[in-house]
Amino acid sequence: MKRIITFGTFDVLHIGHINIIERAAEFGDYLIVGVSSDSLNYSKKQRYPIYNEVDRMKIISSIKSVDEVFIEESLDLKLEYIKKYKADILIMGDDWLGKFDWVKPTCEVIYLPRTPSISTTQIIEIVKYNR
């Protein structure tokens with residue numbers, strides 16, 4: 001059984017999130033998703049997610065191609081998460097291209113193209129502007 005792992009904030013779920021999760025699932029038999037904690041998201045983007053980590057985990061868990069979900073507390077723990085969940089392949093969006101090549105001795109790393117013209121930040125800005 002080939003185990004796939006991917007990570008993300010998955011705030012304000014949109015088609016780009018669904019696309020990467022579905023494409024990641026195609027690479028193996030079991031998909032594990034690390035959802036960024038609220039504090040990790042704040043450290044990356046200087047804002048908290050719209051939906052809290054518990055709600056985001058429940059949303060991601062409800063996607064049929066997702067087998068397991070956990071909270072990602074730190075970007076520096078990627079290798080530990082890969083080992084803990086016995087992942088064979090790490091899938092990330094190509095906006096992270098090359099940034100996780102350091103885990104290649106432990107598992108394969110694949111960067112998938114992002115869905116063009118969509119991002120959570122962009123959606124939040126549109127909503128704020130159109131109030």
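Colleague: How many salt bridges does the protein come to?

Modeller: This is a predicted model, and the criterion asks for a side-chain nitrogen of Lys or Arg within 4 Å of a carboxyl oxygen of Asp or Glu. By that rule the count is 5 salt bridges.

Colleague: Which residue meets Asp11 in a salt bridge?

Modeller: Asp11 is buried, with a relative accessible area of 2%, and sits in the loop between β1 (3–8) and α1, while its partner belongs to the loop between α2 (38–45) and α3 (53–61), 36 residues apart. The N to O distance is 3.7 Å, and the partner is Arg47.

Colleague: Are Glu72 and Lys78, which form a salt bridge, buried or exposed?

Modeller: The closest N and O atoms of Glu72 and Lys78 are 2.4 Å apart. Buried means under 20% relative accessible area; Glu72 has 1% and Lys78 has 1%, so Glu72 is buried and Lys78 is likewise buried.

Colleague: How many residues apart in sequence are the parts that Asp95 and Arg114 tie together?

Modeller: Asp95 and Arg114 form a salt bridge with closest N and O atoms 3.0 Å apart; Asp95 is partly exposed at 40%, and Arg114 is partly exposed at 39%. Because Asp95 lies in the loop between β4 (89–93) and β5 (108–112) and Arg114 in the loop between β5 and α5 (120–129), the parts they tie together are separated in sequence by 19 residues.

Colleague: What arc do the buried residues of helix α1 cover around the axis?

Modeller: In α1 (residues 15–25), the buried residues are Gly16, His17, Ile20, Ile21, Ala24 and Ala25. They lie on the same side of α1 because the arc they cover is only 165°.

Methods
Residues numbered from 1 in each chain as written. Predicted model: local features only at pLDDT ≥ 70, side-chain atom pairs only at ≥ 80, totals over all residues. Heavy atoms only, no water. Buried < 20%, exposed > 50% of the residue type's maximum accessible area, 1.4 Å probe, protein only. Helix = DSSP H or I, 4+ residues; strand = E, 2+ residues; numbered from the N terminus. Arc of directions from axis to C-beta.
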